[in-house]
Amino acid sequence: MHRFDALIARARRRPGLALVVLLALPLLVSLVRVGLGPTWYPTGDYSHTELNIRSITSSDPPLIGVAGRFGPIDAQGSHPGPSMAYLLAPVHFLLGGSSFALLVSTTVLHLAAIVLAVWAATKVGGRSLGVIVAVAGDPRARWGPSSSSGSAVSCCRAAGPARRTGSRSSASPSPGTTGLAHQFDGHRLVRGRLLHDPTEGADLARRRRPAPGARPHVRSLVVGLDVGRHRRSVISSLAVGLVMWLPPVWDEFRRTGNLSRLYHHFADSTEPTVGLRAATRALITEWNFGGAWLTGARHDPATTAPSLTGFLLFAALVAVGWSLALRRRDSPALTLQAVASAAALLGWFSATRIIGDFYDYVIRWSWVVAAFLAISASWSIWRTVADRATVTGGLPVARRRFAIVATAAVAIPSIFMVGQAGAVEVPYSIESKLVGGLADQLDVKLDPDSKYLLRWHDPAGLGGPGFGLILEMERRGYHFGADSWTRFAILQSRVYDESEVLAVEWLVTGEASIAAFSAQFGIKPIASFDPRTPEQQQRSLAARTHIIERLRQLGRDDLVVAMDRQYGNAVLIASSRDLPAEVNDAVSVYTDLRLPGAIFQVPPGSPLFTGP
């Protein structure tokens, strides 16, 4: 009992740390669950990430990020920054470089971002802001490195890791937001008036009321910039940014020219942007108390109808925060809310300029902005409550209620997610089984001293199993590479020419495609595997039959033919706006269940396979 009381006392002294521990529980339980399950074989983007990590110690270290959909699939570019690979590398190498080590390093990076965010928030705004940032921590993104909390705190000028987010491998308005964070100062809005925070230390206990009739300086209200005041922060941020951008610049002139590729992709694009209406609708869906930033749900931003009630409640929270801060001339709260609002405006403008297919992942950065807006408004409200409670002598009661609400806001979702941890699956679990099943068969049939060129025909996905197989065979000591168009995903050192390989291996997925390949070349596969259960096979066949029947009824025989072509399901998904909802639902089921795969071996110089 004494130990329990001591633990409670420690939690009261360090509430932010206690909440971080609660946030970590679902992540750690999920990690244990996955570690005790079948071996995970990363595919797609996850295999790209690990291939980059494995290349750090080679003669071809990554200078740019993982491959992205910048241009056609056979001439795509990469995200500009390689820092994700380097941040994940220490734990990954320390644990032996296995696929499970990738999950552990991802979890550690996520938790480190939350801890640093809480620490930085506490340094800037005291315990109250630290607790609020801890509450906003996001335990849902368990398989992708997240610095959402760190990014939010960076915008209140903390010395946190998010000063470096501008060169990370993600598309977001973070560079502009980080620049504003170091320049904008809410004290200028109230002519230098420093309002005390009754919940923090004596360094914030001074208070100067403006003279009767005094008004804030007009220029300060409009601009609020003071470069000289934060010269050290600005210089250090510029220095870090320069260092972080050196690898992409070196790559531009000495390797792939990725920056030029990205520039021309956006500057020369003839595709229309999503536009004002679609972007606004999508962000109303995200900046919402029913939005994915709270639920983590997948959705189609182009078609999902926003919850008007959820948006109005979210907007009301932000408006109340602004109103209270302005009324009290609370400069710290104004600083935080001003940068959060600037981030929202910059993000909204960025969303209107999106080109290409409007998938949810292209605006997932809006989750960070939503959390940032909620953090800044909540802190403003708390400071108002605490200030009034100080005057009336009710601060201890207010603090207790604040602690109870904050703990419940973290504990209830965390407990729920811990309960759901038993059902957690690794990303693309069916593709993972396919790669593992094929790799086990190839392991006893190939020569580890020879080179093999891997090609694939993948109607159900986007080549994810192919990249996963290259990674897994390399892990087992084989030399697997691919054609030059994949160099942004696998790096140049794994690009092979037919003249230097012993054989060409074809990974073909789907019954129709496997039969067509066998008929065209007159050979049988050297390995084959169906990762689906019998029940999944039946569901897949039923979904395929329904899709074909409905497409023919709709006169879309072109899409029926495309189903078994390379990346055929991507064509179906891209046509979703022209298809009935039940067809799109069937396509989603068919895509998620994936297809069986087979490996065919042909000699170098053999003709290409284009599908049935």
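Pro306 touches Arg281, Ile284 and Thr285, leaving aside residues up to four places away in sequence. This is a predicted model, and its secondary structure comes to 24 helices and five strands. Of the 612 residues of the protein, 50% count as buried.

**Overall features**
- The accessible surface of the protein is about 28,600 Å², and carbon and sulfur atoms account for 61% of that area.
- Among contacts with a separation of 6 or more, 77% are made by residues 24 or more positions apart.
- The structure holds 21 salt bridges.

**The loop at Pro306**
- Pro306 sits in the loop between α12 (292-295) and α13 (308-328).
- With a relative accessible area of 28%, Pro306 is partly exposed.
- Pro306 and Ala282 are 24 residues apart in sequence, and their C-alpha atoms are 7.6 Å apart in space.

**Helix α24**
- Helix α24 covers residues 581-593, a run of 13 residues. From its first C-alpha to its last it reaches 19 Å, close to the 18 Å expected at 1.5 Å a residue.
- Val583, Ala586, Val587, Tyr590, Thr591 and Leu593 are the buried residues of α24. Seen down the axis of α24, these buried residues fall within an arc of 165°, so they line one face of the helix.
- On the other side of α24, Ala581 and Asp585 are exposed.
- The cover over the buried residues of α24 includes α17 (429-442), α21 (534-553) and α23 (568-574).
- Arg594 follows α24 and has a positive phi, near 55°.

**Helix α4**
- Helix α4 spans residues 83-94, and its buried residues include Ser83, Met84, Ala85, Leu88, Ala89 and His92.
- The buried residues of α4 pack against α3 (44-54), α5 (99-135) and α9 (231-254).

**Salt bridges**
- Asp443 forms a salt bridge with Arg476, and the closest N and O atoms are 3.3 Å apart. This pair links distant parts of the chain, 33 residues apart: Asp443 is in the loop between α17 and β1 (451-457), while Arg476 is in the loop between α18 (464-475) and β2 (479-481).
- Both partners count as partly exposed, Asp443 at 30% relative accessibility and Arg476 at 24%.
- Asp443 and Arg476 also belong to a network of salt bridges that links them with Glu50, Asp440, Glu472 and Arg475.
- Asp530 forms a salt bridge with Arg532, with the closest N and O atoms 3.0 Å apart. Asp530 is partly exposed, with a relative accessible area of 27%, whereas Arg532 is buried, with a relative accessible area of 6%.
- Glu535 forms a salt bridge with Arg539, the closest N and O atoms lying 3.8 Å apart. The two residues, Glu535 and Arg539, are four residues apart in helix α21, so about one helical turn separates them. An α-helix has 3.6 residues a turn, so residues three or four places apart point the same way.
- Glu535 is partly exposed, with a relative accessible area of 42%, and Arg539 counts as partly exposed at 39% relative accessibility.

**Nonpolar surface patch**
- Leu25, Val29 and Val418 form a nonpolar patch on the surface, and together they have about 190 Å² of accessible area.
- Leu25 is found in helix α2 (residues 15-35). With a relative accessible area of 39%, Leu25 is partly exposed.

Conventions
Residues are numbered from 1 along each chain as its sequence is written. This is a predicted model: local features need pLDDT of at least 70, side-chain atom pairs count only at pLDDT 80 or more; totals for chains, interfaces and linings use all residues. Side-chain values use heavy atoms; hydrogens and water are left out. The expected span of a helix is 1.5 Å times one less than its number of residues. Buried means under 20% relative accessible area, exposed over 50%, partly exposed in between (1.4 Å probe, protein chains only). The arc is that of the directions from the helix axis to the C-beta atoms. Contact means heavy atoms within 4.5 Å. Patches are made of residues with over 30% relative accessible area and no salt bridge: like charges are joined within 9 Å, nonpolar side chains (Val, Leu, Ile, Met, Phe, Trp, Tyr) within 5 Å. Accessible areas come from the Shrake-Rupley method with a 1.4 Å probe; for residues, only the protein chains shown count as cover. A salt bridge is a side-chain nitrogen of Lys or Arg within 4 Å of a carboxyl oxygen of Asp or Glu.
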